[in-house]
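Please read them with the model open.

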Amino acid sequence: MCSFPSTATIRQQLRQQMRETRQKLTALQQQQATQHITEQALKLIEQQQAKNIALYLAFDGEISTQPLIKQLWQQDKNVYLPVLHPFVRGHLLFLRYLPDTPMKANKFGIFEPHLNVKDVLPLGQLDIIFTPLVAFDKLGNRLGMGGGFYDRTLQNSQHRFITVGLAHQCQQVEALPIESWDIPLEQILAG
């Protein structure tokens, strides 16, 4: 009797493989991808006339968003970062991020703004949410780190924002094994 690996097993193996591939990129490759994606993202933000933009701080070889964040601050845009929701397990809040925002490491070691209710922006007021990802396919399916935070947060939103993944070109696969809870992205910028 043959047994096939479960979707969960395949996804976990793909996560591991893609993270290793991403971590093998040289500093120059990382820098070039970041520069290319920053340019693409700025064009998209201008096209969308976006004012409230959610980003993330790079972790584990993800595309760096620092150059984009600095450009957005210079353009007087509002930048928001995800914070683990303190009351709704597995969900994210988005808090305003400024150069002097106090930061702390969350339980995953990812830096996020200190929770201050005054800095929270309701999800529906964001114009663009840029997400990190581990792998993606041409249909906009996104494989994250496995916590499901973005999927749960975006699942029930009556949104007007667009969702955009940021990735290295080497993170694209032919087709991702998807689950019923996966929320595809509207666009992916790869460099």
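1. On a 1 Å grid over the protein atoms alone, a pocket is an open set of points where a 1.4 Å probe fits, with protein on both sides within 12 Å along at least five of seven lines; lining residues have an atom within 4 Å of a point. A volume is the space filled by probe spheres set on the points, which are joined across faces, edges and corners.

2. The model is predicted: local features need pLDDT of at least 70, side-chain atom pairs count only at pLDDT 80 or more, and totals for chains, interfaces and linings use all residues. Residues are numbered from 1 along each chain as its sequence is written, and side-chain values use heavy atoms, without hydrogens and water.

3. The largest pocket has a volume of about 680 Å³. Its lining has 32 residues, with Arg142, Met145, Gly147, Phe149 and Tyr150 nearest the centre. Among helices (DSSP H or I, at least four residues) and strands (E, at least two), α4 gives the most to this lining, five residues.

4. Beyond four places in sequence, Leu55 is in contact (heavy atoms within 4.5 Å) with residues including Leu68, Phe130, Tyr150 and Leu166.
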